[in-house]
Amino acid sequence: MRRFLIAGNWKMNTLRQSGVALAGELAAVAAHEEAGVEVLVCPPYPYLLPVGERIGGSAVQLGAQDVYFESPGAFTGEIAVEMLKDCGCRYVLIGHSERRAILGETDAVINRKVRAALAGGLTVVLCVGELLAERQSGQTEEVLDRQMEGGFSGISEAEAASIVVAYEPVWAIGTGRTASPEQAQEVHAVLRAQLKAATSHSDRISILYGGSMNAANAAQLLAQPDIDGGLIGGAALKAPDFLAIMAAGSVSA
Ligand code: PGA
């Protein structure tokens, strides 16, 4: 069974007070497991603990936006899997397009992070997606194939079931220009086929859509047969918007 997940990626936003307040508003609504929908928030590292405390006892889960692949040691500025778990994280985002493009993360680095996170017992949200130029030159499938191969390489069959894929076309992230439900569904079906070929656990791997999902377009996107939830940036920072997306999710789940 595939989980249906509505995830908020707060990126480098909020301060402690505003982050905890936002978490509180979500926790108040998601007091119990919503009809088949899992809810996740990924605040900046310094706010994992206070946000985790605020959502404690509710159905909202805690995740981090990145992780390093080494065990604790001399890696200035990095954060280990053990530390995220110690802070109450169950999830971690890996391979977000901003980390690929701005921080220079390669598929090889992303693969090491995926493997370390899975070995440590975290659920990985592996982000993939093509650039506008890649889409326009007909390379979408090839790019996704490479990113999926990079993410999944060396993963055991059992571990694969702890991966969630997030399809985020880079041209739709933070631009207000979302993929149409048909465009998104088309790519999700391709990803689903790639997963089927790669693992016998494909029916347990959810595929989220991300990229300018908001309260107005969520219902249509989430109703697509191969879209199992959303990874939301900008609209995750406003409680009413994120709550509306959660509600749309519980209709589709
Ligand atoms: P956006 O970001 O919803 O602001 O487009 C999505 C993401 O980057 O995960």
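This is a predicted model: local features need pLDDT of at least 70, side-chain atom pairs count only at pLDDT 80 or more; totals for chains, interfaces and linings use all residues.
Where does Thr-14 lie? Thr-14 sits in the loop between S1 and H1.

Thr-14 is not a glycine, yet its phi is positive, at about 75 degrees. Lys-11 is also found in the loop between S1 and helix H1, which spans 16-29. Lys-11, again not a glycine, has a positive phi of about 55 degrees. Most residues other than glycine have a negative phi.

Lys-11 leads on to the ligand. In the side chain of Lys-11, an N or O atom is 2.7 Å from an oxygen atom of the ligand. Glu-168 also takes part: one of its polar side-chain atoms lies 2.6 Å from a ligand oxygen. Ser-212 uses its backbone instead. There, a backbone N or O atom lies 2.7 Å from an oxygen atom of the ligand. On its own, the ligand has 280 Å² of accessible area, and the protein covers 95% of that.

Now take the whole shell. There are 13 residues around the ligand. Lys-11, His-96, Glu-168, Gly-174 and Ser-212 come nearest. Sorted by class, the shell holds four nonpolar, seven polar and two charged residues.

Next, the strands. Eight of them form a closed barrel, in the order S1-S2-S3-S4-S5-S6-S7-S8, and the pairing is parallel. From one strand to the next, the twist averages 30 degrees.

Strand S7 covers residues 207-210, and strand S8 covers residues 229-232. S7 and S8 pair in the parallel sense over two bridges. Across this pair, Gly-210 stands opposite Leu-231 in S8.

Helices lie against these strands. Helix H9, residues 181-198, lies across strand S6 (163-167) and S7. H9 runs at about 150 degrees to S7. Helix H11, residues 239-252, packs on the sheet as well. H11 touches strand S1 (4-9), strand S2 (37-42) and S8. The direction of H11 makes about 165 degrees with that of S1.

One more residue deserves a stop. Which helix holds Asp-107? Asp-107 belongs to helix H5, residues 107-119. Set aside its neighbours within four places in sequence, and Asp-107 is in contact with Arg-100, Arg-146, Gln-147 and Gly-150. Asp-107 can also be placed relative to Ser-153. The two are 46 residues apart in sequence. In space, their C-alpha atoms are 9.8 Å apart.

Lys-11 sits in the S1 to H1 loop, and its side chain reaches to 2.7 Å from a ligand oxygen. S1 itself is one of the eight strands of the closed barrel, and H11 touches S1.

Notes. Residues are numbered from 1 along each chain as its sequence is written. Side-chain values use heavy atoms; hydrogens and water are left out. A residue is near a molecule or strand if one of its heavy atoms lies within 4 Å of it. A polar contact is a pair of N or O atoms within 3.5 Å; within protein, one must be able to donate a hydrogen and the other to accept it, and residues adjacent in sequence count only if both atoms are side-chain atoms. Accessible areas come from the Shrake-Rupley method with a 1.4 Å probe; for residues, only the protein chains shown count as cover. Ala, Val, Leu, Ile, Met, Phe, Trp, Tyr, Cys and Pro count as nonpolar, Asp, Glu, Lys and Arg as charged, and the others, Gly among them, as polar. Two strands pair if DSSP finds at least two bridges between them. Helices (H or I, at least four residues) and strands (E, at least two) are DSSP runs, numbered from the N terminus. Axes are lines fitted to C-alpha atoms, for helices over the stretch in contact, and angles run from 0 to 180 degrees between N-to-C directions. Contact means heavy atoms within 4.5 Å.
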